Amino acid sequence: MALSQPTDLLLVTPKQRKYRNPVVELHEKRVRAWCDNLPVLNSSQSTPQLQSALQLLNQEPLAARNRFRLLELYRRPVNQVVEAFSEQRLRQLPITRQQRHELRNNIGRIALELAIGYKLIIKEAYRKGDQPAKNPTLAPAILHAMEQLGNALLHSYRCYLSPPPFAMLEVHQLFLFAASWHITDVPVKNADEDEPTIGERYRRMMLQALADPAHLPEGVADVLADAIQPFAGRCPISAYPH
């Protein structure tokens, strides 16, 4: 069954500045060096730095290709901080209870901030009517926006937090947009070698949500996320009822 494009993409993004903010670092080599030197294992230091940098970048008017290259540099430390989190490590940090609460929330927010950057690229491509075959940043931006929305959702499950508003709606929107171009099960160019397709990423997220992960014992949500990966490819998806 042929899929039509969504009549509109319901993706939440901030307004862009109309001027260049000199505080925002746009030089790739300097951003790479900054990310390389970030103390990712010390989340109480790295998280606020990442959150501030990404918030400023998301408000900066940039060409899509330049934005994508910068986001890809931030993606590695964001993934490392999110993946390294555990309640046990959080309890061991020499910070106050209020600081632990803020840090727990902000780790999910850095994933959302990174997702916003990719969503800006997708919305611009959608407005222009770009096709993935002619826009090399579109498919990887969809894949990585879904990845970061998935990170934020997983973090809410394992911390028993409210899921980020509109996150699941945005995941569905991104999947349907990709399906309209028939790229959900095609390996994404410029993606990491071991990355799933857009369709497999979507299946993993749906299987995880169906398991009611917010009511699992502490630590099991992360185990579940790993356990379902081999089975995601076996799950057929019908975007519309026949």
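A residue is called buried here when its relative accessible area is under 20%, exposed when it is over 50%, and partly exposed in between, with a 1.4 Å probe and only protein chains counted. The structure is a predicted model, in which local features need pLDDT of at least 70 and side-chain atom pairs count only at pLDDT 80 or more, while totals for chains, interfaces and linings use all residues. Residues are numbered from 1 along each chain as its sequence is written, and side-chain values use heavy atoms, with hydrogens and water left out.

Arg-91 shows how the classes apply. Arg-91 counts as partly exposed because its relative accessibility is 48%. This residue lies in helix α4; helices are DSSP runs of H or I with at least four residues, strands are runs of E with at least two, and both are numbered from the N terminus. Apart from neighbours within four places in sequence, Arg-91 is in contact with Arg-100 and Glu-218, where contact means heavy atoms within 4.5 Å.

Glu-87 belongs to helix α4 (residues 87-92) and Arg-104 to helix α5 (residues 97-128), so the pair links parts of the chain that are 17 residues apart. Glu-87 is buried because its relative accessible area is 12%, and Arg-104 is also buried, at 18% relative accessibility.

The structure holds 17 salt bridges. Two of them involve Glu-60. One joins Glu-60 to Arg-17, with the closest N and O atoms 3.3 Å apart. Glu-60 sits in the loop between α2 (43-58) and α3 (64-84), and Arg-17 in the segment before α1, so this bridge ties together parts that are 43 residues apart in sequence. Glu-60 and Arg-17 are both buried. The other joins Glu-60 to Arg-20, where the closest N and O atoms are 3.5 Å apart. Here too the pair links distant parts of the chain, with Arg-20 in the segment before α1 and Glu-60 in the loop between α2 and α3, 40 residues apart. Glu-60 has a relative accessibility of 1%, whereas Arg-20 is partly exposed at 45%. Elsewhere, a network of salt bridges links Arg-75, Glu-147, Asp-192, Glu-195 and Arg-201.

Asn-58 lies in helix α2. With a relative accessibility of 0%, Asn-58 counts as buried. Neighbours within four places in sequence left aside, Asn-58 is in contact with Pro-14, Gln-16, Arg-67, Glu-113, Ile-116, Gly-117 and Leu-120. The C-alpha atoms of Asn-58 and Ala-115 are 9.8 Å apart in space, although the two residues are 57 apart in sequence.

Helix packing is next. Helix α6 (residues 138-159) and helix α9 (residues 220-227) have axes that come within 8 Å and cross at roughly 140 degrees. The axes are lines fitted to C-alpha atoms, for helices over the stretch in contact, and the angles run from 0 to 180 degrees between N-to-C directions. Leu-154, Tyr-157 and Arg-158 of α6 make the contact with Ala-221, Asp-222 and Ala-225 of α9.

Val-12 lies in the segment before α1 (28-36) and is partly exposed, at 44% relative accessible area. Phe-166 is in the loop between α6 and α7 (167-180) and is exposed, at 53%.

The backbone of Phe-166 has a positive phi, near 70 degrees, in a residue other than glycine. His-182, also not a glycine, has a positive phi of about 60 degrees. His-182 is found in the loop between α7 and α8 (198-210) and counts as exposed at 57% relative accessibility.

Towards the end of the chain, Gly-233 lies in the segment after α10 (229-232). Gly-233 is exposed, with 58% relative accessibility. Between Gly-233 and Arg-127 there are 31 Å from C-alpha to C-alpha, and the two are 106 residues apart in sequence.

How values were computed
A salt bridge is a side-chain nitrogen of Lys or Arg within 4 Å of a carboxyl oxygen of Asp or Glu.
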